[in-house]
Amino acid sequence: SSHEHKTNFKKSKEACLSYIQDAMLQKQWKRAAEFLTYYVESLEKDFSRERLNPSEIIWRIGSEILCHHSASSMKEFNSFIEQMKTLAVKRYLKVCLEHAFHLLCNGLIDEAYQNLSLAESWRFGEQTLLQDKEMKLIQAYRGLLDYCSWSKQKNILLHSQDGFDNLPVEQEMHSYFRKAALSLKEIIRIPGVWDPFVKCYVDLLEFYGDHNEARQVLNEYAYNSKFPANPNAHVYLYQFLKRHGESKKSLISVLKILHDIVPSHELMIDFNTMLQKSKKRKNQRLALEVIFAALDYAGWKENVKAWSCLARQIKQIVISEKHLDWIKQEWDTRKDWWPAFHFSRYLAKRNWQENESLSYEKALVAGILLGKDCKYFKYLSHQGCKAQLKKFRILKKFVNKHNPAYLRISG
Amino acid sequence: MDFPGALMPAYFGAGPPREGVGPAPAAGWGEHGQVLEVLPRRRQANTSFMPRRGRKGENWAPADTAAVPLLPPNAGCWIPLLTPQDIIHHGILHKKLWQGKSGATLDFTKQLSHFFVDHPEDAFGTLGQLLHQNFYLGNSKLRKQARESTIRMTALMEEIDRLDARRGCLRQHLVPRLRWFSHLCRDWLFEVPLNLLADSVHEELLLQWANLFFDDSPTGGALAWLPPEDVGARMGRLVYPGGQALNHLYFQDVVLEDLPYAQGSPVQFELNGRIRQVAAACADGEDFVGIRSDYHCGVWRVPGRMRAAPTPLQVIHTNVPASCLTVSPHLPGELSVCTQSGTVYLWNIEAGLQRLRRDPQTMFFRDHSPWRWSDFTAHPRVLSYADRTGLQCLDSRDPERCRFDLFKVGEEASCQQGERVVLPMYLGKANPFHHLVTTQFSVYVLDERLPMVPVLKWEHMMKAPPLFAHLTPGGPGRSHKVLLGTSYTQELLLLQYQGGSQSACQLVGPPQKLHSIASCLQHLPTQLPHHHRLLQQRLGAPAAGLAAVLHEDQMQESLLVFQLSEAGDVFCQRLTHEVTQPPQHPVPVSGDKAAAAPGSSPLPAAILRYRRWLKALSSCCREHPQPPTFSQKRLFTCKELKEPAEPSALHQRARQQLRQAMQEGGCIQRWDILTAQTPPVPQPLESAEDPDALSARLTAAWSGDWGQWWEERSSFNMVQRQRALRERRRRQKRAQGRRSLSASFTSSLTYQSELSELSDAGPSLPLSPATLPQEPGSPPPSPVPHEALLSSQSLQCRGIPKERRKMLRDYLSVCVEGYPNLLEPSSSQPSIPLSQSQTCISLSQSHHPVPSSQSQPSITVSQSQTSSLQSRRKRPRMGF
């Protein structure tokens, strides 16, 4: 009966698909390719109107096999994808985009550019939301490639001896600029993560001196609440402001916001140094907070720079004997877990073995925060003195001398 | 730890997940996702791009053809898992009722009756004790005084038995006595009010049914590997559950080699419940192992140096089942515990429990699942908290206010509709800020510093949601290996990813499927079919845990993957890292792997392992009692089972033939031909005394007419016999005038016994006599002149008393009606009607059609015979 035939047909199709899947997951690309040809043949006889479009399956599996198959070449891949573009009309833009990605990853930038500009001119019925998004991405990537060409021309011009003689190159460069700027500007308005596009667009604007626009773009990218909380957005803004010699105050305010969303960002060291240099008491207080917060994170555990920042600031405070309460406030929320997290005997041993300068900075902090009897400090001062390291001897003296500070912090 | 300077482009939208097509069959293939420009090292260098997915990864090839047992099979009889058949109703009636309707019916009554039978004390304890004097279970009649206060239950029990036997019978009527009894005592007999009990049983049944589709209790897995303190050591420790109910915790030293092996006997702890999860982490040079069972969580400390005994530290008891236990990689002796219905605790060995959150509602939208999870993050005081709808991070110092959303099933991560979080895992060893989240469709990598936007997403295409995951971190420049495992389908998938600090995250290399435990079945020695099935069941048990360790031996890097099944067996497999020399011409590095192709045989060492494992399995299975067999005593009474005083002639002959066949070395099948040729037919020579039922049955079986005999015993021909009896009764009534008293008495007696025999026929077994083999060489049934047999002379000469002759004639005539060709001339005595199998087929044909393909050839025969006999049917009666 026809129903039975249909279900059998469906079953065998599914079985074939699972064989392909199995072969691919075991890296048997040749076997998978053979099964795929059967699968494609079976589809020629398939008149069922299923929701799931088999053309997408073939496109995905086919391109995966061609990426790994030992006998495949770029030419074959291209011809396969061209067929797929006509077969999977609804996914045309996606296929084009992926094709361009494949070309880009194989260094075929010109071909990718052609592909993207061809896809840009494609029109088919009413665009769905998904297709609209894909189209915007295609334009953005094309813009990115325009930017690459622009950048190349720019380098030629900058490195050529005779400044402004090369008019055609300059004109070409400007046309690249216009094309790139137009499409990049378009996509970075939509909420998303657009790091490469934003960077390129800002670079273009900066070159042509449109600093206001650049600043506005970066501000929008960092502070628009519709965008995800991307730390890079703040970093780009900070770097832009720094490049243009903005005031310390505005730099600090940018980094302060970055500190609030990502206290573990690597820029926190710069932030700390900047704040320490500041004469304002408020900023110095913040500096201590920033460095303590950064060292809370597991990723910073062995960061010598951060520990030396903390050690330096603690040393300053202890010597001046002013603001010991700042340390006390920071320490109060940490004293129940920092000793086990940073200053255990096991870590003392390991730090000593692996990184002497780290263990020195940490020993100083431990000596002040936990007193001269803490395990970490005791072990390291013992080891350091045994190894006849002068700085450890000085450290021991310093901690012993400032033991009252410890009593005030812990008290 | 740096944050990548530029991330892959991605759209970001808020809102509910988009409508998807569900698990698409090939959704994970053929996509690069996005590309990112790689900054050129030199100024003049060409720009190059890197894809989010599709870059070549490390090449790991399976070293063996299948997983190999690491430890001897888990002793203790393994209780087979619940199957849908156990709780689904599969009566004939229900099949008919539900035909065309989709959806299974759970057999609620069966489960309830199981409860009554298995736990009678809990079900009827009090009233049973109070009333036991008023219920009488004996066979004899009650005396008059006793009758006032005592009910005789025997008849009721019989009714119940009969009811059970007739289950599915279309003519099942409600028995008034049972109805009356249940109405009378429904309200007071039960210890637990019936409604309440029924509700609980029903609830449990639904839960079990849901668990058959997806059981989240083993989430996280119950297998952990504790690496040695010094990296180069070749020995580590495996922590796994075992024992009959997986309630024993084992710490086993394992030596890492090509085929890792256990050294020494394991350290063992007996626990108070089935171990659901084993979590382990190393903090401050010591390993902490957390054990989760349903209502208890415990923590053990394992000192870093080898051979130091693990010490149990603390146990907590929860009122609601715990659904998660994770061990802090930052601080020693710190764990996080989640219970179903949404409470999270930070558990410190010294400080005790700190409740961080308590909310029975799910976070982002409503979901019915009570499953919760929690793990640690890059900040030792911040914990992640997950339910099926997403992940949040809570600061334990101020859990009410300091929290942020890390992942949400929604448009933010471009999820599909119906997608749910299955397993979150902290990937701290690869990158302190990374988290893995698996759903039934996809796998995500999240960065705490960029919440809500996955830095990596891939549709894993696994057949079941991955409940287990394991991370093997790669060093600088190497990829991190993530293993995903499912429970019911035993799938294992190896993914590689890299980046996350200097550059954006990338999924590298194609995903790779590893061997499942069940895959080793084809490499085991051939088994007897039922052993094979048992083995298949055992090896196919759902996976319960996953662990892996990277091992380096003489420049050869290998990844050893351990797998635990719910039967408590631990298997392992090895993958070797194939370092390819940079190719001169662009030849893809990942060619076809012949080693993984099916059909290749395992290494000799592995074969030895398989044999040893099988031997141990069969020996530990033998210790347990055999499955119950049917007791003959219930089928036959003692009297029936008693052997006849001396073997009948038939027996002797049979023995003789058997002996002859043995001497000749021939086969017994030849008998049929023999009987067809030389001795006419091995006639059932009845001994003089009345044959008992067993002998009759054996005799029938001997002469090949067992089907017929069965047919006669069973209810198929009940109608005909009833009709015959009725007919005879009528005639007897008519003839009563000229009958002697004794004759009428005997006849009525026989009628009684006939009736009881009919009612004793018992349940109709699903054995269709039509499928019984037909003797190929049996002589064609010869039409017999019945008149000769039924004449008074012939009866007289057989020594039958005069008053019985008529009855016999009646009876025989009726039998002839039912069995047209039963009377044979050589038959010395018309005892139990015997017939050929053809008739029996024709009868069964008329009562219920059997599959035509089976009985097609015999129908024609039987039909022709019946038609030829039909003309003769009435003659005996007419002659009378």
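This is a predicted model: local features need pLDDT of at least 70, side-chain atom pairs count only at pLDDT 80 or more; totals for chains, interfaces and linings use all residues.
Let me start with helix α11 of chain A, which runs over residues 231-243 and, with its 13 residues, reaches 18 Å from its first C-alpha to its last, close to the 18 Å expected at 1.5 Å a residue. At the start of this helix, a side-chain oxygen of A:N230 comes to within 3.0 Å of the backbone nitrogen of A:N232, and just after the helix, A:G245 takes a positive phi of about 60 degrees. Helix α11(A) is mostly covered, with 10 of its 13 residues buried, and among the buried ones are A:H234, A:Y236, A:Y238 and A:F240. The elements that cover those buried residues include α9, α10, α12 and α13 of chain A.

Now to the interface. Here 73 residues of chain A are in contact with 68 residues of chain B, and the area buried between the two chains is about 6,200 Å², of which carbon and sulfur atoms give 59%. On the side of chain A, the residues A:L25, A:K27 and A:R60 supply 12% of the area that the chain buries against chain B, more than any other three residues.

As for specific pairings, there are five salt bridges between chain A and chain B, and one of the salt bridges joins the side chains of A:K133 and B:E411 at 3.8 Å, N to O. The count of residue pairs in polar contact between these chains, both at pLDDT 80 or more, is 26. Helix α7 of chain A, residues 129-159, gives the most to the side that touches chain B, with 10 residues, and by class that side of chain A has 39 nonpolar, 17 polar and 17 charged residues.

Key:
Residues are numbered from 1 along each chain as its sequence is written. Chains are lettered from A and ligands numbered from 1 in the order in which they are written. Side-chain values use heavy atoms; hydrogens and water are left out. Helices (H or I, at least four residues) and strands (E, at least two) are DSSP runs, numbered from the N terminus. The expected span of a helix is 1.5 Å times one less than its number of residues. Buried means under 20% relative accessible area, exposed over 50%, partly exposed in between (1.4 Å probe, protein chains only). Contact means heavy atoms within 4.5 Å. A polar contact is a pair of N or O atoms within 3.5 Å; within protein, one must be able to donate a hydrogen and the other to accept it, and residues adjacent in sequence count only if both atoms are side-chain atoms. Buried area is the accessible area (1.4 Å probe) that two parts lose on being put together, summed over both. A salt bridge is a side-chain nitrogen of Lys or Arg within 4 Å of a carboxyl oxygen of Asp or Glu. Ala, Val, Leu, Ile, Met, Phe, Trp, Tyr, Cys and Pro count as nonpolar, Asp, Glu, Lys and Arg as charged, and the others, Gly among them, as polar.
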